[in-house]
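Thanks for coming. I will talk through one model today, starting inside one chain and then moving to the contact between chains.

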Amino acid sequence: MVAVTRKFPRPADPHGADMTSLESIISVRGISKVYSGQVHALQDVDLDFPAGALTTLLGPSGCGKTTLLKIIAGLMAPNTGDVLVKGRKVTGPGPERAFVFQDFALMPWATVVRNVAFGLELRGMAEAKRHEIARRYIEQVGLAGFEEKYPHELSGGMRQRVGLARALAVDADVLLLDEPFSAVDEQTRRKFQEDLLRLREIERKTFIFVTHSIEEAVYLSDRIVLLSRRPGRVSQIIAPQIDRSGSPDEIRRDRAYLDTVEEIWQSLRQFVD
Amino acid sequence: MDARLEDPIAAQIAAEPGEQARSRRQMVWWRLASIALFCLAWEIAGRVPINLAFPTFSATVAAFAEMIADGSMLKAYLLTLQPLIIGLIVSALVGVSVGVAMGLRKSVEWIGAPIFIVLQAAPVAAVIPMVTFVYGIGLTAKVISVCLLALPVIVLNSYKAVANVNPSLINMCRSFLGSRLQQIVKIILPDASPVIFAGLRLGISAGFIGIILAELLITPTGIGDLITYHRAVANYAHMYAAIASIIVFSAAALSLLQWVEEKWIRPEKKRS
């Protein structure tokens, strides 16, 4: 299959530049992954992730999108291929990447502030300083007042905000989000998506986002990478041109939004039995 | 984000302190009622009487007071506690270290697992006479009896606790650049601690069994001596007082351990 970059007419590009001309901060080259010699999760994946963009990996379940994200994060080694961060080959996790986990991965014995500051704690930053930074991000994700609570005292959506604040606190260039909203209910999920769009305006970061929701991908993304069914390959790259200056309701009723959702569904339905 | 959360949970958490205190008070009352009910049933059963050798609760309490007053109880406890505490400290330190090492390294797991699984399955009461045969009737034999009973359960629980640590938390620690040492100290041990402490609780109660078995089977000293002596002279109230005291003592030791866990290691448990 051939990777195709689709161009749409662009009424208003919030980032002021063509995504394809942006410098890529992360590249993957010829990534293949085989689980226990049998399950072929990924095959020959070549991708570039432009700096400052939100790129979504979208595909049917079992297409290897989470596997690809974990390989980019350095949490999993590919069988072949390289991951390049700012042009340099990496083999493990690094300070320029921060991960947001599907199951939140919060320490149940630690308060919200300690959880958020954990990345900084591991780097040996003094407690007063790292807690000050953590409090700032806790406030930014809307959890002010919950600093001394424990994870089991929070709702699922609030727990994922803690996970997001922890990833923001280490000030990485790239945030890797593995189906971050899949474990929360639909209302919380929508609110979270709206907050993420607003967050992007404050924090100039690169996001790589894994989801199985077409609507979520189109709503949030600058670029959507469609992966084929196992073994996962890049089947298509779509750059939806949606004007995100309006209210969430306006975006969800936007012609370009609805057309892109429909187009992706038409591409993906071939992979669904 | 100006996401001011209007979450029902937020309101619930705000209302919680008063609610919690009330339910805690209620819990204390029900527990006291449970103890009172037990004592009452004992008193009635003793008065019926179900058996001549079964004293009433009040007679047992009186016998207990008498044994405290004449110093025999204190003397017995000093004798019993020495091998018990040495044995439990050795079992806790060795048991947790070996168990954690087994959970962290496959080679240690393969060496250790068969030994401790067999030891846990063994009817240790049958082994204790053999311990006496080798180590005599002194302190060493009693410490070994305590360890024989306490060690396997502590080792196996610690091992299982470490082997079943949430892999997602380990990935989290790796992705935020934690070293292997940080991973062990900051993630694996705290995450494993509830199961490790469950093993310690089982180990302590097994240690109490070990010391009483040793005192009954090896040489009658301490509490074991009190039980044997008062049985022999048909002072049943005194015998029951000695037995009840060691049960209460063991329960108190377990509560203390739970308090230590909640206070220092898993503070969130107090709030659940």
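How many residue pairs are in polar contact between domain 1 of chain A and domain 2 of chain A? The count is four, with both residues at pLDDT 80 or more. A polar contact here is a pair of N or O atoms within 3.5 Å; within protein, one must be able to donate a hydrogen and the other to accept it, and residues adjacent in sequence count only if both atoms are side-chain atoms.

On the side of domain 1 of chain A that touches domain 2 of chain A, strand 8 (174-178) and helix 6 (186-202) of chain A each give two or more residues. Helices (H or I, at least four residues) and strands (E, at least two) are DSSP runs, numbered from the N terminus. Helix 6 of chain A has the largest share of that side, seven residues.

Some ground rules. This is a predicted model, in which local features need pLDDT of at least 70 and side-chain atom pairs count only at pLDDT 80 or more, while totals for chains, interfaces and linings use all residues. Residues are numbered from 1 along each chain as its sequence is written, chains are lettered from A and ligands numbered from 1 in the order in which they are written, and side-chain values use heavy atoms, with hydrogens and water left out.

pLDDT is the predictor's confidence in each residue, from 0 to 100. Chain A has a mean of 85, and 92% of its residues reach 70 or more. Over residues 1-21 of chain A, pLDDT stays under 50. Where pLDDT is low, the predicted coordinates should not be read in detail.

Back to the domains, whose bounds come from an automatic or database domain assignment. Domain 1 of chain A covers 1-7 + 25-96 + 172-273, and domain 2 covers 107-171. Their C-alpha centres lie 25 Å apart. Two salt bridges are counted between them, a salt bridge being a side-chain nitrogen of Lys or Arg within 4 Å of a carboxyl oxygen of Asp or Glu. Arg161(A) and Asp195(A) form a salt bridge, with the closest N and O atoms 3.0 Å apart.

Now chain B. Its contact with chain A (heavy atoms within 4.5 Å) takes 31 residues from chain B and 47 residues from chain A. One salt bridge is counted between these chains: Lys186(B) meets Glu121(A) at 2.7 Å, N to O. Five residue pairs are in polar contact between chain B and chain A, both at pLDDT 80 or more. Helix 8 of chain B supplies the largest share of the side of chain B that touches chain A, seven residues.
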